[in-house]
Amino acid sequence: MGIGGGVGAVMEGVCASVAVLDALGLEDAALASDAAVGADVDVLQRRYELRLERLEVVKRLEGQLAAVKARDVADAVQIQHALLAPNAPVQERTYAEMSAVEEIAGILAISSRAASALVDQSRRVCSLPPVIDALAAGAMSWQHARIVADETEGLTPAGAAGLVAHFFDPEAPSRARGATPGDLVPSRFRAKVRGWRERHHPESIEKRHAKGVADRRMEYTPDRDGMAWLSLYLPGDSASAIWNRTTATARGLQGPDEPRTLTQLRPDIAASLLLGAGTAGGETDANTAELGKVPTPRADVLVTIPVFALLGLTDEPAELDGYGPIPASMARTLVADGADSFYRVLVDPRDGAPLEIGRTRYRLTEAIKQWIRMRDRKCTFPGCSNHTPDNDIDHGTAWEHGGRTDVRNLAQLCPKHHRLKHNSHWTPDAATPNEPPGWTSPTGRHYTPEPPTPEPTHWAPGILAGSHAALPACFHGEDACVEDLPPWEPDDDTLIDLDDLPPDDPLWAEFLTQALSLAQPFALSP
């Protein structure tokens with residue numbers, strides 16, 4: 001797109017949004033003055049609904065104006081370069097761009113660093129047509145667009161295009177299911193985008209994690225009123241375990257005689273453990289590790305891991321509940337050394353769907369709870385990101401009203417939204433075995449659920465090119481010399497091409513039974 005291209009269409013959308021705001025304002029003014037208001041109109045209810053409708057239009061308008069701003073920022077720098085001679089030296093072009101950035105900073109009253117970041121983000125957003133188009137239509141906010149700009153950094157052009165197509169192209173073969181990007185709160189959208197990026201990044205998560213581990217640190221920042229911030233940058237499984245442990249301990253301490261909130265209890269417990277004073281309730285910590293040793297964290301969450309990654313045949317990322325993608329090596333360590341509250345979830349290599357939950361020690365009711373945790377991943381209420389260890393399992397239709405204890409009638413809710421559901425007219429949809437429920441608000445607005453979008457997992461390299469232990473005997477003949485066969489063209493007389501097998505072929509059951517039996521050494525003993 002050339003300089004200034006597309007701005008005219010965006011401005012038409014801006015004018016249309018402003019016109020809608022004007023119309024809603026006139027209606028509100030008429031209701032406030034009791035002019036020609038019918039007897040059947042609930043004035044207060046209608047004025048409440050008008051505020052919500054205006055907020056919807058303002059949200060759309062903010063996205064449209066952000067698109068205008070992004071285009072103008074990117075165009076301003078591009079025009080500044082166009083003013084130079086084609087053969088202008090690099091130094092001259094550098095200072096020309098610096099000058100434009102400083103001009104933008106002055107106009108917007110932001111710092112030079114913020115202006116430079118805005119230029120970079122605007123360029124990247126404008127270079128991704130589906131993203132700038134969604135922003136220009138008011139279908140999402142600048143925060144959403146900036147997330148795409150951030151998470152496509154470091155990807156190849158093909159990788160960036162694949163990420164954008166997954167979330168923005170309705171015709172993409174593996175498009176993200178559920179709510180559209182603009183209907184997700186930014187933190188949820190970032191989690192989904194980051195999850196896709198981790199699976200498709202050109203550099204393996206194992207290598208990137210090794211670099212991150214080398215940069216682990218603790219930071220201390222004094223603040224006002226005699227307070228300070230203490231933050232840790234450490235591996236995700238450890239951070240998740242620390243958060244879950246302090247939350248569980250805080251929940252246990254709450255009661256009629258405990259005045260502290262959950263938010264206050266968490267730092268009190270962490271400080272008490274770090275300073276060696278026992279827990280916040282006075283109980284000593286028998287599991288405190290020796291100085292300099294980091295114990296394997298309690299895996300109080302689900303870890304979803306592809307079968308081949310569990311077997312060590314691939315390095316495909318696993319999924320840590322409440323955190324996101326983690327290296328396969330980290331997941332294998334959690335399986336081997338984690339506490340007995342760990343639940344392993346194996347993933348079918350054909351389509352990425354859940355295959356089995358480790359439940360050798362648990363009753364069926366407990367297995368159902370873990371299945372719902374795996375399906376929902378968080379509180380199912382619109383916009384809530386509260387993760388599973390702190391959530392309740394709620395009946396959509398109450399038990400006393402005929403509701404069944406079944407995955408279709410059960411969903412996760414955080415304590416706050418659990419109470420709201422039972423004291424308001426927010427209504428959940430029926431769930432399905434693989435999708436959480438959507439919700440309908442008291443004013444009739446429907447909020448689409450956020451189901452995961454499973455993908456086929458990575459096949460182990462060469463798994464069709466040799467007699468690997470993970471394959472049952474039916475996949476290769478006794479005298480077959482499969483080492484000499486190209487992996488993309490197996491000999492049909494001696495080797496079965498798994499891509500040619502329909503999903504319901506009984507050979508799949510034999511193969512998966514064999515894979516699961518090989519995975520048992522990684523499972524917890526009863």
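Which residues form a nonpolar patch on the surface, and with about how much accessible area together? The legends below take up this point first, for a predicted model.

**Figure 1. A nonpolar patch on the surface of the predicted model.** The patch is formed by Met218, Tyr220, Leu230, Leu232, Ile242, Leu274 and Leu275, which together have about 820 Å² of accessible area. Two elements each give two or more residues to the patch, namely strand E1 (217–222) and strand E2 (228–233). One of the patch members, Leu275, is located in the loop that runs between helix H11 (262–274) and strand E3 (302–306). Leu275 has a relative accessible area of 73% and is therefore classed as exposed, the cut-off being over 50%.

Figure 2. The side chain of Glu258 is joined to that of Arg260 by a polar contact of 2.8 Å. When neighbours within four places in sequence are left aside, Glu258 is in contact with Leu253 and Leu265.

**Figure 3. The largest nonpolar core.** This core contains 38 residues; those touching the most other members are Val131, Leu135, Trp142, Val148, Phe167, Phe168 and Phe189. Two or more residues are given to the core by each of helix H2 (43–82), helix H3 (90–108), helix H4 (112–126), helix H5 (129–136), helix H6 (142–152), helix H7 (157–168) and helix H8 (186–200). H2 supplies the largest share, with 6 residues. In soluble globular proteins, nonpolar side chains tend to be buried together.

**Figure 4. Overview of the predicted protein.** The protein has 16 helices and 12 strands. Of its 526 residues, 39% are buried. Among contacts with a separation of 6 or more, 57% are between residues 24 or more positions apart. The protein exposes about 28800 Å², of which 55% is supplied by carbon and sulfur atoms.

Terms used. Residues are numbered from 1 along each chain as its sequence is written. This is a predicted model: local features need pLDDT of at least 70, side-chain atom pairs count only at pLDDT 80 or more; totals for chains, interfaces and linings use all residues. Side-chain values use heavy atoms; hydrogens and water are left out. A nonpolar core is a set of buried Ala, Val, Leu, Ile, Met, Phe, Trp, Tyr and Cys residues joined through side-chain atoms within 4.5 Å. Buried means under 20% relative accessible area, exposed over 50%, partly exposed in between (1.4 Å probe, protein chains only). Helices (H or I, at least four residues) and strands (E, at least two) are DSSP runs, numbered from the N terminus. Patches are made of residues with over 30% relative accessible area and no salt bridge: like charges are joined within 9 Å, nonpolar side chains (Val, Leu, Ile, Met, Phe, Trp, Tyr) within 5 Å. Accessible areas come from the Shrake-Rupley method with a 1.4 Å probe; for residues, only the protein chains shown count as cover. A salt bridge is a side-chain nitrogen of Lys or Arg within 4 Å of a carboxyl oxygen of Asp or Glu. A polar contact is a pair of N or O atoms within 3.5 Å; within protein, one must be able to donate a hydrogen and the other to accept it, and residues adjacent in sequence count only if both atoms are side-chain atoms. Contact means heavy atoms within 4.5 Å.
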